[in-house]
Amino acid sequence: MTDTGSPATGPEPGGYAAARLRLLHQGRAAGPPRRAALARLTDQWLGALLGETQGVALVAVGGYGRGELSPRSDLDVLLLHDGSADLSKIAAIADRVWYPVWDMGLALDHSVRTPAEARRTAAADLKVHLGLLDARHLGGDERLTAGLRATAYADWRAQAPARLPELRELGEERARHQGELRFLLEPDLKEARGGLRDATALRAVAASWLADAPREGLESARALLLDTRDALHLVTGRATDRLALQEQDQVATAVGLPDADTLLREVYEAARTVSYAADVTWREVGRVLRARSARPRLRRILGGRGGRGGFVEPERLPLAEGVVEQEGEAVLARTARPERDPVLPLRAAAAAAQAGLPLSPHAVRRLAATAAPLPVPWPDEAREALITLLGAGAPTVEVWEALEAEGIVSRLLPEWQHVRCRPQRNAVHRWTVDRHLIETAVGAAARARDVGRPDLLLVAALLHDIGKGDPGDHSAVGETLTRDIAARLGFGPADTGILATLVRHHLLLVETATRRDLDDPATVRAVTDAVARTDTLELLHALTEADALATGPAAWSAWRASLVAGLVRRAAAALEGVAESRTEPEPPDSGHERLAAEALRTAGPVLELRERPEGEEPRGGAAPVGAELTIAVPERPGVLPATAGVLALHRLTVRAADLRSADGVLLLRWRVAAEFGSLPEPVRLRNDLVRALEGTLDIVGRLAEREAAYARRRRGVHAPPRVTVVAGGSRDAAVLEVRAQDAPGLLHRIGRALEEAGVWVRSAHVSTLGANVVDAFYVTRADGGPLPDGEATAVAEAVEAALR
C-alpha cells in the first residue's frame, strides 16, 4: 500500500460547508436532483480527504451508497484496505477522513475492514450485508471496491434462501413496533410498514434474482417518501423520520402541497403502494422457496421424470367461472375472457375471498387492463358477487387491497376516490376512511346471522362513511350518494331506501343511547321517527356495532353495547307490528298449474327450464349462465333433498327458490346459475331426479366425494349457521329460519335434516344474498298438524346440528 501522507487537493471543510448550505437552502432543485447533487458534493469532499492511496478505498454504503443523501442523513462509509499496510497507517488514514466529518457536526456511520473481514461481518449481520449491496466507490483503489461489490452480490444470491426469510422477519418485527405507515397520524417515514426500509428491502429481494416487486408506481412512491423526509429534515433541523403533527403544515408547504391533510393523503398513497408491492413480493418469494424445497422430493417420487421435458404442471382447482386456484393464489382460468365478461373482476375477487386466497397480481393487472365495463344498473350476478366479497370476513381486506392497487375499486365505485387514503384526525380512529369502511364490512360479516337481510347490512357497512371528504354533514351527504350508488348496483327502490336510511342514521343509536335518557319516551321516539321498521332497526343495530368496533378500542365498550341494546329493545317494542310479517309463497299461476296437472297424469316429475328470465342480466362472454327452473312432483317424502341434491350434482347454484304444496303436487320454483360452463340439459336433470327419488342415485356419496376432492382448498372462517323458530310466523305451521354460509349441497343437507326429523315441509322461501342464505321453511307434522313449540325448537336444533 502506498499513501502520499496527505490528502489530495480538494474543497476545504469550510468550502464544503458553504456549498452544502447553498445547495440545501438556496438551490432551486429539490427531490432526487438535490439528493444526488448533495451526494456528489460529499463524494468530492470525502475523496479529497482520503487523498491518493493504493491498497485502500473509501466506499459509500447504504443510502449514501445509493446516492440519496437527505439533508440530515448519516454518512455511511467503509474504509476498505487490502491488509498489506501497518494498522497504524490505516488508523492515520481513517483519522484523516473521520475527524473533518465530525468537526462539521455530521453524523458518521463508519468502519474499517479488509474485504475478508467485510465478508465475514456481512455473513453474521444481515444489515451490514444489505448495506454492501449498495456499495459505491468514493476514492482510492477502485479494484477493492469492485471486488467487494462482486463478492457481496455473489454471496447474497447464494445465501438468498436462508437470508430472505430473515429479511422478511426484520420487516415484520418493524411493523409490530412501528405500525402501518398509511394509518398513522404521526408516521415514521422510514421504519413503519410501507416506509423507506421496506422499499430498500424490495431492492434487496430483486438483487437475489428470486423475485421482483411490481414496478408500477413504486419508484415514484419511494421518491415521495424521500422528498417528505428531506422537507422534514429542513423544517426541523434534525435527523428525524417521524412526521409529527406540529410539523405537518410546514412540511406540506415545503413540498408544495396546500395543507397537512393533503400531505398525509399523498404519504398514505405512497405507503400503500410500497406495502402492496411488499405483500406481492414476499408471497412470490415464499412460492419460489417452497417450489425449490419440493423439487428434490418430486424428483424422487417421479424417478427423474416430470411429465413433458421434466415439467410438472401446477394443479389448478376451479373456484368460479373463469377463476381457478393455483399455487395458493386465485388466478384466471385459461378460458377466461375479461373483455367479454364484465362481472369477472368481482366474481374473481369474491371467489378468492371466500376461499381465503390472495388474488394473483397478474390476474388483477389483466382484469384492470382488459375487463369490459359493467352495464348500469349492474346485473344481478355483479351485485351478488360484491356482496359475496364483502361477506367473506377477514380475507376481504387483502383481496380489496389488490383491486385498489390497480384502480378497479374506483372504476366500479367512482365515489370511492373521495375516501381513498383519507386521514381521520381523531385519536379514536385507527384507520383511514377507506380502510375503516372495509373493516366495518368485515365486522358486519360476523353479524350476518343476526339480521334478515345480510346483503343490505354489508353494503351499508361499505358505504356508511362514503360522504366523508365532501363538504357538509357526512351522514347527509352519504345518504344522497348511497341512493345513487344503490340504484347503480341494481337495488330496487325499497332496498335503496333502507340503505339510504342506514347511512343517514348510522350514528343515531350510539349517540342517542349515550346522550339521552332511555326512560324518556322522546328518546325512543327519536329512533322510531327515523327508523320506522323493525327489520331496518335490526340492520342499524348490527351496523352500529360493526362500525364502532372497526373504529377502534375506545369507540365501543360493554357499557355502550348495553345502552344501545336497551334503546333498540325499547324502539323495537314501539315498532312492534309495523314490519311486514313473513308470507307463504304465492299460489301457482296457470303455467305452473299446467305442470302440476302433467305431474299428476304421469305420476312423475315434470320440469321446465327457462334460460335468463326476463329482467335478469344479459348473457355475455364467459359469465355464468342463469335460468328459472320449475319442477312439479307428486307429493311424497324426500322431494326437497332429492331435488336440491340433483341441482348440486349438476353444479347449479341456487339464487332463490320457493316450494308450495297444492292439490297433491309439490311445486318447486328455482332461480339458478351454472357454477361453471353452460346449463345442463333438462332431460338429464329429470332423469337424475327420477333416480334420486327412486333411491338409485347416491347423492350423499357423490357430494361427499366432491367435497373430499377439494378438501385441501383453503377456506375463510365464517360465522356458524343459525336455525331459529320464528315466533308468530304462521298460525298453521312452525316457521324455521335458517341463516348460514352458502355452500354446494347446503339445501340438500337442510332437506335431509328436516326429513330425518320427521316433519313435512309445506312451503319454503329460499334466498341467497351474496354468500349468505336466509331460508324459511313452513313445517308441520307428517299428518299436517301443527308442531308444538317444544317440538319445533327440537327440530331447529337438529337442523342446526346437521349443518354444523
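1. Let's start with E269, which is partly exposed, having a relative accessible area of 25%. For these labels, buried means under 20% relative accessible area, exposed means over 50%, and partly exposed lies in between, using a 1.4 Å probe and protein chains only. The side chain of E269 meets that of R420 in a salt bridge at 2.8 Å, N to O. A salt bridge here is a side-chain nitrogen of Lys or Arg within 4 Å of a carboxyl oxygen of Asp or Glu. E269 belongs to helix α11 (residues 260–302) and R420 to the loop between α16 (408–412) and α17 (433–445), so the bridge ties together parts 151 residues apart in sequence. R420 counts as buried, at 12% relative accessibility.

2. A word on the ground rules. This is a predicted model, so to speak a computed one, in which local features need pLDDT of at least 70 and side-chain atom pairs count only at pLDDT 80 or more, while totals for chains, interfaces and linings use all residues. Residues are numbered from 1 along each chain as its sequence is written, and side-chain values use heavy atoms, with hydrogens and water left out. Helices (H or I, at least four residues) and strands (E, at least two) are DSSP runs, numbered from the N terminus.

3. How many salt bridges does a search of the whole structure find? The total is 61. One of them joins the side chains of R222 and E68, at 2.6 Å from N to O. This pair links distant parts of the chain: R222 sits in helix α9 (residues 218–236), and E68 in the loop between α3 (62–65) and β2 (75–81), 154 residues apart. Both R222 and E68 are buried.

4. R119 is in helix α5 (residues 115–124) and D155 in helix α7 (residues 142–178), 36 residues apart, and the pair links distant parts of the chain. R119 counts as partly exposed at 47% relative accessibility, whereas D155 counts as buried at 11%.

5. Next, the nonpolar cores. Such a core is a set of buried Ala, Val, Leu, Ile, Met, Phe, Trp, Tyr and Cys residues joined through side-chain atoms within 4.5 Å. The largest has 93 residues, of which L359, W400 and W416 touch the most other members. Setting aside neighbours within four places in sequence, W400 is in contact (heavy atoms within 4.5 Å) with L386, L389, L390, V409, L413, W416, I438 and L462. Another core, of 53 residues, lies apart from it and includes W670, A753, F777 and V795.

6. Is helix α18 (residues 454–463) enclosed or open? It is largely enclosed by the rest of the structure, because 10 of its 10 residues are buried. Among them are P454, D455 and L462.

7. There is an open sheet of 3 strands in the order β5-β6-β7, with antiparallel pairing. Its edge strands are β5 (316–320) and β7 (329–332), each pairing on one side only. Strands count as paired if DSSP finds at least two bridges between them; β5 and strand β6 (residues 323–326) are joined by 4. Within that pairing, L317 stands opposite E325 in β6.

8. Some backbone details deserve a look. The peptide bond from V376 to P377 is cis, with omega near -5 degrees, and P377 is found in the loop between α13 (361–370) and α14 (380–390). C421 is not a glycine, yet has a positive phi of about 55 degrees; C421 lies in the loop between α16 and α17 and counts as buried at 2% relative accessibility. A603, also not a glycine, has a positive phi of about 55 degrees. A603 is in the loop between α25 (590–602) and β8 (606–611) and counts as exposed at 64% relative accessibility.
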